[in-house]
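Reader: I'm new to this one. Could you walk me through a single part of it, slowly?

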Amino acid sequence: MDSAKQLRKLLAERIVFLDGAMGTMLMNRGMPAGVSTEIWASEHPKDLSAVHRSYIEAGSDIILACTFGGSQIKLGSQTAQINRLLAETAISSTDGNAIVSASIGPSGEMIRPVGSAEWMDVYNSFLVQTKALSETGINVFFLETFTDPRELKAAILATRDASPDGFISAHLTFSDNGRSGAGTSPTALALLCNQLAVDAVGANCSTGPEGLLPVIGEMARFSNRYITVEPNAGLPDSSGNYAMAPDQFAAATEEIAWAGASIIGGCCGTTPEHITALRRAVGIRSTEIVKKEDLAAFTSIDSVVPIGGAMLMVGESVNPTGRKELKKAIRRGDSHHVISMARAQEKADLLDINLGLERLVPDGLVDQVFSGLCIGAPLSIDLSSPEIIEAAFIQSGGICLLNSLMSTEKHIEERVGILLRHGGYAVLLPIDENGLAETPEDRLSVVKKGIVILERYGFPRRRVLADPIVKALATGSDPRITLETLRLFKKEGILTIAGVSNVSHGLPHRANINSAFLATLAMDGLDAGIVNVLDPVTAGITAGAAALCGRVDPADIEIPDDEQAEAPGNDSLLRKALLKGDTAGARLTANLLLESGTGATSIVDNCLAPAMDKLGNLYSRKKLFLPHLIAGAETAKALMEILKPHMGSSKENHKGTIVLATVRGDIHDIGKNLVSLFLSNAGFQVIDLGKDISSKAIVEAAKTHKADAVALSALMSTTATRMEEVISLLEQNNLKIPVLIGGAVVTKEFASQIGAFYAKDAYSAVESAGEMLK
C-alpha cells in the first residue's frame, strides 16, 4: 500500500501522530547556527537518520523528511539532488515502521505586492521540489508555516501537479490574535481549502498549544477536511529557547484533540520526549466528532463575506463602459488608477472587476490589478478569456466569483477547470446555443441545464449564482420577467445575482429607477446585486430590505446616514488614501494640495506623518496586517517622490544615515524592507544592503557611508547571534554608533543583553531610530 493510502486508512481508524522539531535536534548533534539546515543535513545523513529514528521510537506514525527549506528559490541548482537525498535518508530510516512525508515550507520570497516574487516563479520553485520528492516514492506532503494564502495555494497546486493522488495537508501559522501574518482567519483558510485539492488543513508553529486551541476549534467548525496541528513547545524566551516540558505540552495539546484535530505533532522546541508524552496523553482513539457549520462565503486574504443572508452589494464601478478616464487608464496600463477606483467602493461586499476589451489590455495589467486587490473585499472576476480569467484567479488568496458562464457545454468546459483548480463560485446565465431564453420558465430550464453540465465536471450546484438577466427598460423590456425568473430560481434553492443598474440604461434619473428596482429584487430574495455602491441610497435600501423580508434580525441592521462626500484636495482625503494604500488617489490629492498653495513640508507634517503613525499603530495592535502595511508604505513612497522636488535641500531634511541589513544566514527580508520604507519616508537616508549579509560587510558599509547607526533584522533564532557579532566588530573598528535590532525572534531582553536598541516592528523602528540618534 502506498503511503497516501496508508495514511487515509489510518485516519479512518484513529488520531495520527506526527514527529516534532528537526532544527533544534540537529543543532544538538553539531549543526552550527546560521547554516542551511537542508544542506547540512544532506552532508550528515547519519545524524539525520538518528533524529528520524528517535521520533519513530517516541511513537510518531509519520516522520517528516528534512525538506522544509528545500524550495528551488532557496537551493537553486541543488534542489532536486538535495531533496532526493533527504527523502531517501528518511525512507531508509523507518524500516517500514512509519509513514514518510515531505515537509514543504515557504519559498523564501514573498509574492507581489507584499514582496518582489511573481506567483508563477514561486509555483515553479515548489514544482521542482515536489517533483523531486515524488520521484523517491513520497506521496504525503505537509505544507507548513505559511503566512500568505496565495503562496500556500501555489504550493498546493504545485504539489498536486507533482503528486496527483498524494495526501496534502495545508497549514498557515497564526499569531496570538488568531490571524496569519497576512491577516487570514482560520475560517477563511478552512473555506478556501474546502474548495482546493487538499486532504487536510491546519496550523503549526507561532504559539504554544493554548494559543492554537481556539484556532483549531474555529477551523474544525467550518472545514470538511482532516485537521492538523503542530504547536510549539510554548513561546521562546529571550535567548530563543522553548521551555514547555513534555508533560505540560502533552496536556495542553490533548485539548486540541478534543477540538477535532486528526493529525497531531510538534513544531519548534518539541523533542521525542514531547511526542512520547503527547501520544500517552491523547491515547489511541478516533478523531473527536465536531458539529460542523456549512458556511457559504466569498473570501479574500483578510475578509470573509457570507452569502445567503442580507443581499450583498457588488460594486460595479470598475467597468470601462461609459467611463472614459478608466478606459484610458486601462489602455496605458495604469494599475494604480484601476485599484483606486475599486477601493473607492468602500461599502461594497464584493468588487466586480471588468477591464473591457481584453485584447487591448496591456501585458501584466491583470496581474498588477488583481494582486493589488488581494486584500479587502473579495472579487468578482468579470472577464471572458480563459487565459486572463486564470491569471486573475492565480493572484487571489481567497474564494472569488467568476462572472460569468453561459449554459453551454463548450463555454463551461473551457472555464470550469479554473474554478475546480483555484476554488470559487460561478455566475450562470440563462443563455445557451439559442441565445437568451425569453420566458421565466425557459430561463429556469436553461440554468438547470447549465447546472447539470457543471455537476458532470464535478462543480457543485451550491457554488452557482444564477442571473435572471436585467434588461434596459428603455428598450421596451419588461422587468417583471426578471422578477418572476428570480422567484423561480429561489424556489429551486439556487443562489442569485443580478446587474441591477442595467434596468435604467438610457433613461434619466437612473438612481431613482435603480433604487426602486433594487428594493423589489431584494424583497424577492436576490442574494447579490451588482450596483452603484457610491450612491448613498443603495446601502440603505439593501439594509432595509434585508430587515423587511426577514432575512436578518432588524436589530442587527445598520442603515447608513447620507454623508456628504469630502471634496478632493483636502488633508483628510490624502490621509485616507495613505491608509488605504491608494497610490493613484494619493498622487491626485497631493498634486491638488500643491496647486492650492499647500507646502510640501506641511503635507508631510499634517498628512503623511499622521497617516503613517495611524497605519503603524493599527498594525502594531493587529487591526491591520502585513499586506495593508506594505500597501500604505508603498503609497507613502510614491507620495514622497512627488513632494521631494518641492521640499528644501536634502541636508535640511536629513535625519541621519542608517545602514540596514538582514544578517548572515537569514534570507528573510520582508520586515527589513518595511523598515527601509518607513525610515526613508521619515527622512532618514537608508543604505539597504539586502539579506544574508556578512557581519564584516555590514561594518565596512558603516565605515564607507559614515553611518550614524546600523539596523539589523533576523527572523530565525539560529541567526540572531550574528547581531552580537556585528556589535563586536563595530567596537573592534572603533565605530561608536548605535545598533537597532528587530525581527520575529528578537526581544527587548535580547537587545538589552547585547547592547542594542530594539524595535518590535517597522512602525516602532522610526521612533526608536529617532530616540537612539538623539
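Reader: Which residues in H22 meet which residues in H23?

Author: Happy to zoom in there. This is a predicted model, where local features need pLDDT of at least 70, side-chain atom pairs count only at pLDDT 80 or more, and totals for chains, interfaces and linings use all residues. Residues are numbered from 1 along each chain as its sequence is written, and side-chain values use heavy atoms, with hydrogens and water left out.

On the H22 side you'll find Asp 571, Leu 573, Leu 574 and Ala 577, and they meet Gly 585, Ala 586, Thr 589, Ala 590 and Leu 593 in H23. Contact here means heavy atoms within 4.5 Å. By class, that's six nonpolar, two polar and one charged residues. Nonpolar covers Ala, Val, Leu, Ile, Met, Phe, Trp, Tyr, Cys and Pro; charged covers Asp, Glu, Lys and Arg; the others, Gly among them, are polar.

Now for the geometry. H22 spans residues 571-580 and H23 spans residues 583-595; they pack at an angle of about 155°, with their axes 9 Å apart. Helices are DSSP runs (H or I, at least four residues), numbered from the N terminus. Axes are lines fitted to C-alpha atoms over the stretch in contact, and angles run from 0 to 180 degrees between N-to-C directions. H22 and H23 are therefore roughly antiparallel, a label for angles over 145 degrees.

H23 also has a contact with H14 (residues 335-343): their axes come within 7 Å and cross at roughly 95°. That makes H14 roughly perpendicular to H23, the label for 65 to 115 degrees. His 336, His 337 and Ser 340 of H14 make this contact with Thr 583, Ala 584, Gly 585 and Arg 587 of H23.

Conventions: Helices (H or I, at least four residues) and strands (E, at least two) are DSSP runs, numbered from the N terminus. Angles under 35 degrees count as roughly parallel, over 145 as roughly antiparallel, 65 to 115 as roughly perpendicular and the rest as oblique.
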